Every structure is written in structure tokens, then in C-alpha cells.
Amino acid sequence: WKQFDRVKNEGGRASCQDDFETFAIMRKSQYLTWNEELLSSYYRDLLLAEQNGWNLIMEKYARMMQSTAPEKYEKLAPTLPVRTKEREQITEEIIKIQVAWMEQFSEKFPKMAGNARSIHTYEDTAYHTSYETYLRGELGTYGEETFVLYGRFIAGLLKEEKNLAYETMRNTAILYGYKSVEEAEDKL
């Protein structure tokens with residue numbers, strides 16, 4: 001929250017930066033799906049960033065601008081940590097899996113999905129960032145250990161035939177007071 005709260009937007013402070021409750025629900029929904037090892041690694045990433053005066057949330061938004069504001073991204077790109085071609089390829093494989101999960105979720109739960117981000121990068125605008133682009137930005141901020149652990153996490157879910165989009169949205173529904181995704185879908 002501290003890093004999110006400190007993000008400097010070009011047009012001034014965004015309204016979502018004054019909504020801790022929604023921020024907490026969105027992040028908890030995601031982190032409740034993670035195992036302890038992955039959570040600990042990401043926590044270390046956050047602490048290291050703080051120690052070094054680096055804001056991972058600002059980095060994420062800068063990385064997302066590659067799609068939403070390419071000209072501005074070109075100016076920011078030299079300031080961002082460099083990611084290897086191999087890491088970029090693995091990132092794209094992870095994204096393919098997660099986008100497919102979100103597409104499946106959207107087909108089954110269109111009302112809940114309709115309250116979330118659009119799914120695909122081709123739907124991005126200067127004022128709207130898709131799930132795919134957001135994920136690409138987020139993955140780009142993970143330290144190497146966290147990135148490897150996250151890749152293993154996704155591979156494990158795939159092997160177990162679990163859908164991370166469903167698991168995250170189930171957590172979201174419950175944190176908003178519904179008993180299940182199905183109940184949330186019915187009531188929306």
C-alpha cells in the first residue's frame with residue numbers, strides 16, 4: 001500500500017489511491033492463492049525495493065505503458081531493470097496460460113468478469129489497461145527468485161488443472177461478502 005500510495009500519476013493522484021479497502025481486497029484475493037514460499041519471496045522483493053528507494057508499483061505502471069502509452073514508455077524504459085530475452089519468453093508463456101484461464105472464467109461467469117479488467121492487450125487504451133498488460137507489468141517487477149517461484153506456482157496449478165483466475169475471483173467474491181463466485185454471479 002505504501003508504494004501504491006506514493007505513485008505519481010501524470011494527471012495527479014488517481015481516485016483508486018484513496019481506496020485502501022478495494023486495494024486490500026484485490027491484493028488479498030491474489031495473495032491468498034500463493035504459497036508461503038512465494039509470498040515470502042515477494043515480501044523480500046518489496047523490502048529490497050524500499051531499501052533501495054525503488055517503487056515496484058511505479059515500475060509496474062511504467063512497464064504497462066509499453067502498450068498503453070508507447071511514446072512515454074520509450075522515455076522510461078532505460079530507467080527500468082533489464083529483463084533477459086529468456087525471462088521475457090517465459091513471461092509470455094505464463095501470460096498465455098493466465099489469459100486462457102481468464103477467458104474460461106469469463107465464459108462461465110460473464111457478470112463477474114465484466115466487473116474486472118478487459119482481458120487482452122489489444123483492448124488497451126491510454127485510460128484502460130487489460131488483464132494481460134497488467135499481468136505483464138506485474139511479472140516484470142518480480143525479483144528473479146520470485147519470478148522462478150511464480151512460474152513453478154503456475155505450472156503446478158496447470159498440472160493440477162486448477163484455474164488461477166477462478167481461485168482469485170472466488171477470493172474476491174468472498175472478501176466482498178458473497179459465499180461463492182456462483183452466488184456473486186447470480187446477484188450481479
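This report covers helix packing and a few loop residues in a predicted model.

## Helix α2 against helix α10

Helix α2 spans residues 20-31. It holds twelve residues. From first C-alpha to last it reaches 16 Å, close to the 16 Å expected at 1.5 Å a residue. Several of its residues are buried: F23, A24, I25, R27, S29 and Q30.

Its partner here is helix α10, residues 164-175. The two axes come within 8 Å and cross at roughly 135 degrees. That angle makes α2 oblique to α10. The crossing of α2 past α10 is right-handed. On the α2 side, I25, M26, K28, S29 and Q30 make the contact. On the α10 side, the residues are T168, N171, T172 and L175. By class, this contact has three nonpolar, five polar and one charged.

Y176 sits in the loop between α10 and α11, the latter covering 181-187. Its relative accessible area is 42%. Y176 is therefore partly exposed, the class between 20% and 50%.

Which residues does Y176 contact, leaving aside its neighbours within four places in sequence? They are T22, I25 and M26. Y176 and I25 are 151 residues apart in sequence. In space, their C-alpha atoms are 7.8 Å apart.

## Helix α4 against helix α8

Helix α4 covers residues 56-68, and helix α8 covers residues 131-141. Their axes come within 8 Å. The crossing angle is roughly 135 degrees. So α4 is oblique to α8. α4 passes α8 in a right-handed crossing.

From α4, the contact draws on L56, E59, K60, Y61, R63, M64 and S67. From α8, it draws on T133, Y134, G137, E138, G140 and T141. The contact residues split into four nonpolar, five polar and four charged.

## Helix α6 against helix α9

Helix α6 runs over residues 85-108. It packs against α9, residues 144-159, at an angle of about 40 degrees. The axes are 11 Å apart. Here the handedness is left: α6 passes α9 in a left-handed crossing.

In α6, the contact residues are R87, I90, T91, I94, I97, Q98 and W101. They meet E144, F147, Y150, G151, I154, L157 and L158 in α9. By class, there are nine nonpolar, three polar and two charged residues in this contact.

E161 lies in the loop between α9 and α10. Most residues other than glycine have a negative phi. E161 has a relative accessible area of 74%. Exposed means over 50%, so E161 counts as exposed.

A116 is placed in the loop between α7 and α8, with α7 covering 110-114. Is A116 exposed, partly exposed or buried? At 33% relative accessibility, A116 is partly exposed. S106 is ten residues from A116 along the chain. The C-alpha atoms of A116 and S106 are separated by 9.6 Å.

How values were computed:
Residues are numbered from 1 along each chain as its sequence is written. This is a predicted model: local features need pLDDT of at least 70, side-chain atom pairs count only at pLDDT 80 or more; totals for chains, interfaces and linings use all residues. Side-chain values use heavy atoms; hydrogens and water are left out. Axes are lines fitted to C-alpha atoms, for helices over the stretch in contact, and angles run from 0 to 180 degrees between N-to-C directions. Helices (H or I, at least four residues) and strands (E, at least two) are DSSP runs, numbered from the N terminus. Angles under 35 degrees count as roughly parallel, over 145 as roughly antiparallel, 65 to 115 as roughly perpendicular and the rest as oblique. A crossing is left-handed if the near helix is turned anticlockwise from the far one by less than a right angle, and right-handed if clockwise. Contact means heavy atoms within 4.5 Å. Ala, Val, Leu, Ile, Met, Phe, Trp, Tyr, Cys and Pro count as nonpolar, Asp, Glu, Lys and Arg as charged, and the others, Gly among them, as polar. The expected span of a helix is 1.5 Å times one less than its number of residues. Buried means under 20% relative accessible area, exposed over 50%, partly exposed in between (1.4 Å probe, protein chains only).
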